[in-house]
Amino acid sequence: MKAKKSLLPKSKLWISLTLIFLPVLLFFIFLQFEVFETSDVLLKVSRIIGSVSLFGMFLLFMSQWTKDDGDEMYLQMRLRAVLYGVVVGITGLLVSSVFSLVNWLDIDYAHYNGFGLMFFILFMILTNYGLQMYALSKQKEE
Amino acid sequence: MKNNIKVERARHNLTQAELAEKVGVSRQTINSIETKKYDPSAVLALKIASVFQIPFEELFQLEDDD
């Protein structure tokens, strides 16, 4: 079906995984060599690394996970996962904002930013989609 | 939405995988339709009906909660 063509083939799954993990690995290696002179440079570089990793997570979501992945049912599963991720993300933001307002649990929420929220949403989307795929794999052939 | 895919499949001596290949979807999708976990699109439903050469409404029927 047409939906299959809009996905990255399973053979190219390594691209998204590399985009997720390689920048993070390089960042930790650079930290060892003290490449970053100021914390300002470190912040800017970490933002670029974060962006590349988030793009990798998005590519992973748009990749074929199995050879069957890509027909209309899988498209609906992706839609369901995205809705779940957005709802959980917004709920999480709301709850953390309220906690921050009432100073409950004495946690500093100042570090909450766009990257953190985007990572959380993408992570929840991938987790939900993965769980749906796992449930499908348990189906027995008749 | 209830369906008679399993009955028709047995009548035509087809496995889920064979039917899936004929209509261009995965075996899991056929399984999910049979077990009412997934409602197919109109295009897919018509394709399945054409494989069994029966009218669409004979293969799929609406239920009260649809």
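What share of the contacts in chain B with a separation of 6 or more comes from residues 24 or more positions apart? I looked this up to begin my notes, and the figure is 53%. I keep in mind that I am reading a predicted model.

**Entry: the layout of chain B**
I went through the secondary structure next and found 5 helices and 2 strands in chain B. Following the sequence, I wrote down the order as β-α-α-α-α-α-β. I then checked the radius of gyration of chain B, which is 11 Å; this is close to the 11 Å that the globule rule gives for 66 residues, so the chain is as compact as a globular protein of that length. For the outline, I noted that its C-alpha atoms fill a box of roughly 30 × 20 × 20 Å along the principal axes.

**Entry: the inside**
I asked how many of the 66 residues of chain B are buried, and the share is 30%. I then looked for the largest nonpolar core, and it holds 12 residues, among them B:Ile5, B:Leu19, B:Val25, B:Ile33, B:Leu59 and B:Phe60. Helix H2 (16–23), helix H3 (27–34) and helix H4 (42–52) of chain B are the elements that give two or more residues to this core.

**Entry: one residue up close**
I picked B:Val23, a member of that core. Leaving aside residues up to four places away in sequence, I found that B:Val23 touches B:Leu44, B:Lys47, B:Ile48 and B:Val51. Two of these names, B:Leu44 and B:Ile48, are also on my core list.

**Entry: over in chain A**
I finished with a second, separate core of 10 residues, which includes A:Met57, A:Met73, A:Met77 and A:Ala81.

Note on methods:
Residues numbered from 1 in each chain as written. Chains lettered and ligands numbered in written order. Predicted model: local features only at pLDDT ≥ 70, side-chain atom pairs only at ≥ 80, totals over all residues. Core = buried A, V, L, I, M, F, W, Y, C linked by C-beta atoms within 7 Å. Buried ≥ 20, exposed ≤ 12 C-beta atoms within 10 Å, placed from the backbone. Helix = DSSP H or I, 4+ residues; strand = E, 2+ residues; numbered from the N terminus. Contact = placed C-beta atoms within 7 Å. Rg over C-alpha atoms; globule rule 2.2 N^0.38 Å.
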